[in-house]
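User: Hey, I've got a structure open and I'm a bit lost in it. Can you walk me through some of it?

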Amino acid sequence: MSEATQVDVVVVGAGFAGMYLIHRMRQAGRTVQCFEGGTDVGGTWYWNRYPGCRCDVESMEYSYDFDPDLQQEWVWTEKYATQPEILRYAQHVADRFDLRRSIRFSTRVVSAHFDEGSGRWTVTADDGSVTSAQFFVMASGCLSSANMPDIEGRDSFQGVLAHTGRYPHEGIDFAGKRVGIVGTGSSGIQSIPVIAQSAAHLTVFQRTAQFTIPACNGPLDPELQAAVKADYETFRAKNRRMFGAFGSHYPKPAGDAADVDDATFTATMERLWEMGGTMFLSAFRDLMRTPASNERAAAFVRTKIAEIVHDPATAAKLTPDGLIGCKRLVIDTGYYETYNRPNVTLVDIGPQGTPITRITPTGVQVGNEHHELDVLIFATGFDAMTGSLLRVDIQGRDGQRLADTWEAGPVTYLGLGVHGFPNFFTITGPGSPSVLANMIIATEQHVDWITDCISYLQANGHDTIEADPASVESWVAHVNAVADRTIFPSCNSWYLGANIPGKPRVFMPLPGFPGYVDTCDDVAANGYRGFRLDRLGVSAGV
Ligand code: N01
């Protein structure tokens with residue numbers, strides 16, 4: 001076997017997190033090797049190339065803020081950027097900071113094992129290469145392990161079959177085709193209106209109706225862009241103090257919904273509906289906390305569906321039960337309107353309808369009905385937050401496997417460290433705000449924290465850092481307690497792992513970005529409180 005390449009840091013994934021980590025490590029004078037399964041940078045925005053794919057955080061906010069020149073020079077064209085535009089931005093950043101020379105593309109890490117004697121990780125990739133690193137960082141994304149349901153006959157389908165999260169780079173030509181799509185989460189809801197415009201016929205197989213709000217997307221007003229750029233720093237600082245690290249320009253919550261009458265409530269919700277976007281649910285402070293208040297917002301949207309969709313039976317199928325925002329709120333462009341088109345059919349495969357019986361070589365069988373299809377798209381989501389981490393054989397001290405440690409659900413300290421796995425960091429890992437926050441800002445915060453941490457270790461003569469078991473235990477309890485004060489745990493969402501058969505039900509992200517950042521800063525300021533810092537062979541625990 002060839003000798004291992006020695007570096008300070010190995011990072012898995014060249015999405016926004018991995019790219020920024022490379023930059024920071026190089027700035028700090030460390031050697032870094034990144035492994036990336038795709039042929040280029042971009043992560044999520046490299047893989048999700050389905051029609052209509054765009055971000056649900058506004059362009060002026062969904063971008064790096066670490067470099068003032070970068071944020072001044074880049075010009076966004078729409079309020080919500082499309083996937084191709086965000087991918088071009090990622091590529092621009094890679095060029096500008098010469099990141100690609102630290103990335104090995106088309107290469108997946110298969111295992112990473114920690115050796116206690118040397119205090120180093122041995123990282124093996126699927127090209128047979130072996131790399132030895134003091135620090136091992138997973139920047140593999142929260143929504144990157146595609147969930148392809150195991151439906152009988154799936155592989156017998158003879159038409160074109162694709163998953164939105166692994167969409168073919170050459171695209172799919174829908175013109176004149178009979179297209180089927182399974183799944184009505186964000187990916188399905190974004191792609192359905194676009195596919196319907198060119199397909200001969202589109203059949204939507206819906207298991208659960210989902211709440212969606214108009215995005216009110218459009219060209220980005222150059223004057224607004226210039227105004228933000230004139231004082232980008234203040235704009236960023238305000239956003240970092242928001243629950244999800246975005247949306248500071250939206251109206252402040254109008255108190256608690258519980259305190260207002262119906263006319264005031266409806267007028268407020270109407271105003272937010274007209275503005276569009278996920279900030280709809282911050283119209284009042286208690287919408288995500290108090291089920292009765294949330295139910296009023298849900299009823300408001302149900303009324304909208306009945307107004308928009310002409311056929312009452314279709315409108316009824318599209319009308320979600322339960323609380324709004326418990327599953328991630330979707331924002332759309334013309335979603336409900338699409339069901340007024342003559343070439344779109346909605347098939348209820350949920351509890352009120354008939355589940356898919358099987359997939360056949362020529363279509364989808366649902367009970368007695370066979371839907372003939374040329375193209376079948378799965379918009380069925382991801383094994384979120386843990387899927388990509390557990391796909392790699394990660395072993396910590398004494399050969400302890402991460403998959404075993406997390407058998408009952410992920411357990412971390414700050415969503416950054418895991419007991420038993422020294423010098424191992426997860427970026428936007430379970431237990432951090434991650435998917436509930438503006439992801440680019442969340443990744444920057446983690447990368448900055450890790451970079452500072454490694455510098456601290458070096459400056460203070462420590463070789464390893466590892467989360468204490470007690471801090472992990474109390475952190476997991478804290479995440480659960482915070483989540484329990486919200487409506488989030490009350491439905492079967494992917495936040496809870498409920499979309500993957502057999503996955504332990506644990507609420508994975510931590511609601512509330514600003515409080516989390518304060519805690520991370522405080523932990524660092526107090527000598528990385530709750531972590532154990534060691535010198536090789538000598539304990540210097542904190
Ligand atoms: O996935 P999802 P997604 N048989 O899990 C259905 C981010 N994102 O890719 O609800 C039949 O939300 C499933 O039904 P049910 C965003 O964070 C952001 O759409 O489980 N159906 C559901 O309808 C988002 O939340 C953006 O009953 C099956 C759908 O497939 C996250 O990614 C854009 C099934 C999956 O919905 C995931 O979104 C896109 C089965 N066996 C994604 N299994 C933006 O920024 C699953 N389903 C705008």
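User: How close do the axes of helix 14 and helix 16 come?

Analyst: This is a predicted model, and in it the axes of helix 14 (residues 439-459) and helix 16 come within 11 Å. They cross at roughly 5°.

User: And what does that crossing make them, roughly parallel or roughly antiparallel?

Analyst: Angles under 35 degrees count as roughly parallel, so helix 14 and helix 16 are roughly parallel to each other.

User: Which residues make the contact?

Analyst: On the helix 14 side you'll find Ile-441, Ala-442, Gln-445, His-446 and Trp-449. Helix 16 brings Phe-513, Tyr-516, Val-517, Cys-520, Val-523 and Ala-524.

User: How many of those are nonpolar, polar or charged?

Analyst: The contact of helix 14 with helix 16 has 9 nonpolar and 2 polar residues, with no charged ones.

User: OK, new topic: cysteines. How many disulfides does the structure hold?

Analyst: There's 1 disulfide. Cys-326 and Cys-491 form it, and their sulfur atoms are 2.2 Å apart.

User: Where do those two cysteines lie?

Analyst: Cys-326 is in the loop between helix 10 (312-318) and strand 11 (330-332). Cys-491 is in the loop between helix 15 (469-484) and helix 16 (513-525). So the pair ties together parts that are 165 residues apart in sequence.

User: Which hand does that disulfide have, and why?

Analyst: It's left-handed, because the torsion about the S-S bond of Cys-326 and Cys-491 is about -110°.

User: Are they buried or exposed?

Analyst: Cys-326 is buried, and Cys-491 is buried too.

User: What about Cys-55?

Analyst: Cys-55 is in no disulfide. The nearest cysteine sulfur belongs to Cys-53, and that one is 8.7 Å away. A disulfide needs sulfur atoms within 2.5 Å. Cys-55 is also buried, with a relative accessible area of 5%.

User: And how far is Cys-216 from the closest cysteine sulfur?

Analyst: The sulfur of Cys-216 is 16 Å from the one in Cys-55, its closest, and that's too far for a bond. Cys-216 counts as partly exposed, at 34% relative accessibility.

User: How many bridges join strand 8 to strand 16?

Analyst: 4 bridges join strand 8 (residues 178-182) to strand 16 (residues 375-378), and the two run parallel. Along that pairing, Val-179 stands opposite Val-375 in strand 16. Strand 7 is joined to strand 16 by 4 bridges as well, also running parallel. There, Phe-378 in strand 16 is the bridge partner of His-163.

User: Which way do the strand 16 side chains point?

Analyst: Val-375 and Ile-377 point one way from strand 16, while Leu-376 and Phe-378 point the other way. All of these are buried.

Note on methods
Residues numbered from 1 in each chain as written. Predicted model: local features only at pLDDT ≥ 70, side-chain atom pairs only at ≥ 80, totals over all residues. Heavy atoms only, no water. Buried < 20%, exposed > 50% of the residue type's maximum accessible area, 1.4 Å probe, protein only. Axes fitted to C-alpha atoms, helices over the stretch in contact; angles between N-to-C directions. Parallel < 35°, antiparallel > 145°, perpendicular 65-115°, else oblique. Contact = heavy atoms within 4.5 Å. Nonpolar A, V, L, I, M, F, W, Y, C, P; charged D, E, K, R; others polar. Pairing = 2+ DSSP bridges.
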